[in-house]
Amino acid sequence: MTDPSTSGRAAPALGIAAGVRRGDPSAAAVVQRHLEAIDEHDGVLHAFLTVLHDSALAEAAEIDRRVAAGEAAGALAGVPVAVKDNLCTRGVPTTCSSRILEGWRPPYDATVVEKLRAAGAVVVGKTNLDEFAMGSSTENSAFGPTRNPHDPERVPGGSSGGSAAAVAAGLVPMALGSDTGGSIRQPAALCGVVGMKPTYGTVSRYGLVAFASSLDQVGPITRSVLDAAALFDVIAGDDPRDSTCLERPSPRCAERCDQGVDGLRVGVLAELLDGVDPAVGARVRQAAEVLAAAGAHVEERSVPELRLGLPAYYLVAPAEASSNLARYDGVRYGLRVEADTAEAMNSATRAAGFGPEVKRRIMLGTYALSAGYYDAYYGQAQKVRTLIIDALAAAYQHADVLLGATTPTTAFALGAKVDDPWAMYLSDVCTVPSNLAGHPAISVPFGTDDGLLPVGVQVLAPALGEAVLFRAAAALEDAAPALSAPRVLAR
């Protein structure tokens, strides 16, 4: 079996792990170097909410002990990893960037965090996000916005903006995010890194604080496609604690990245080019040419039903959020604002604890689920969701993967869209179809716009199509135009 770390393909994280397993450098030295980079640069970026100096160095020392004793150290031995702060970490604050979880320390780890540690990775901190993962710019955090390493006056995208910014700036070589409507892929595109949403059910959601349960999925953010595939291989697989998890073994996608795209059928989606900035559209068309030159059969495809994705998503997701966030009542978790009655306490706690965007989506979702409106709104949106699933299934009869923009624009200025929710929601127009269908998708950095801001190209695949997804992504990465180095970069 081929060792992905020896393939010759760029893989910063796998390179670190290979060195640590040889004992040069030590895990302790690697982790110390990254902690120093966080301390030096995160004052500008605000990518992290919590940095775990002591526990990270202790975990690194244990990895070095295993290496010295000749014991297995794991596929990600000594690799520093950041974790989005909506993933539970035992004894460590998990805030979801919300005041309502103030002071809450989970008594358990999320399954993906357990799998990281079992593979030898070292969790160095928890990253900032839009509150409860609701947003596209990481400006909705109760603890302040994260900034884009390529231009600190611009957003990093969201909701996994902290994870994407940390990877782009070199503060960590890889991170975990969550993707409900594009929250891994969109910030990856804006920050110039790789971000991948797996097939729904291939990665356990146990320990992921729920936003919209039928859409949420955990996935990797990295600086290379091979590292993303390797991280996906580590976190994927069955989990009896998550009833939505598929009963299948962990895939071995990292081994497929060198297989090329000769003979692969690629459909360029017209709907994922409509209305995007000209510079973004030009990069997508250039990416299609790259795949054709590598031997793929490329042709235009149209799936008109995708235009219904955004309105359907913004009924389904808020409805499920309304149900999931009802548990934050001032009794069981975090913040409690005292009042004369239980009802008044519930109301006062939620008013003080939830931010404006979360309140907006709770109200939208509650209305869509209310008596007399359920069938007209939530029920109708689920029917549209089925139309999108069927339409994509038909498209995949003629294509192995589909290609389009990840997001309509490059990174926009901080504050530019905070007062215009619909403009902000349009940032997700290219990504929500994969969430509604439950399919995998990946954003690969592919050059820049005229302002030298990163552009992301998105590859979509059918359910359980991760292997072919990574093949196409690796081919794009091989021929991608160079990115400018981020202004904020740990060296």
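These legends go with several close-up views of the structure above. The model is predicted, so local features are described only at pLDDT of at least 70 and side-chain atom pairs only at pLDDT 80 or more, while totals for chains, interfaces and linings use all residues. Residues are numbered from 1 along each chain as its sequence is written, and side-chain values use heavy atoms, leaving out hydrogens and water.

**View 1. Helix α1 packs against helix α7.** Two packed helices are described by the angle between their axes and the distance between the axes. Here α1 (residues 12-22) and α7 (residues 225-235) meet at an angle of about 65°, with axes 7 Å apart. That makes α1 roughly perpendicular to α7 (a word used for angles of 65 to 115 degrees). Pro12, Ala13 and Leu14 of α1 touch Leu226, Asp227 and Ala230 of α7 (contact means heavy atoms within 4.5 Å). Five residues of this contact are nonpolar, none is polar and one is charged.

**View 2. Much to see around α1: its buried residues and their cover.** Ala13, Leu14, Ile16, Ala17, Ala18, Gly19 and Val20 of α1 are buried (under 20% relative accessible area, with exposed over 50% and partly exposed in between, using a 1.4 Å probe and protein chains only). Their cover includes α2 (27-45), α3 (53-68), β4 (174-178) and α7. Just after α1, look for Gly23, which takes a positive phi of about 90°.

**View 3. Tyr328 and Phe354 form an edge-to-face ring pair.** The structure has 13 aromatic pairs, counting rings of Phe, Tyr and Trp (its six-membered ring) whose centres lie within 6.5 Å. The rings of Tyr328 and Phe354 have centres 6.4 Å apart and planes at 85°, so this pair is edge-to-face (planes over 60 degrees apart). Tyr328 lies in the loop between α9 (309-324) and α10 (342-353), and Phe354 in the loop between α10 and α11 (356-369), so the pair ties together parts that are 26 residues apart in sequence. Both Tyr328 and Phe354 are buried. Ring pairs also link Tyr328 and Phe354 with Trp104, Phe132 and Tyr333 into a cluster.

**View 4. Lys417 sits over the ring of Phe412.** The charged end of Lys417 is 4.2 Å from the centre of the Phe412 ring. To count, NZ of Lys or CZ of Arg must be within 6 Å of the ring centre and within 35 degrees of the ring normal.

**View 5. Ser370 lies in the loop between α11 and α12 (375-395).** Ser370 counts as partly exposed, with 23% relative accessibility. From Ser370 to Arg385 the separation is 15 residues in sequence and 20 Å in space, C-alpha to C-alpha.

Terms used: Axes fitted to C-alpha atoms, helices over the stretch in contact; angles between N-to-C directions. Helix = DSSP H or I, 4+ residues; strand = E, 2+ residues; numbered from the N terminus. Parallel < 35°, antiparallel > 145°, perpendicular 65-115°, else oblique. Nonpolar A, V, L, I, M, F, W, Y, C, P; charged D, E, K, R; others polar. Phe/Tyr/Trp six-rings, centres within 6.5 Å; stacked < 30°, edge-to-face > 60°.
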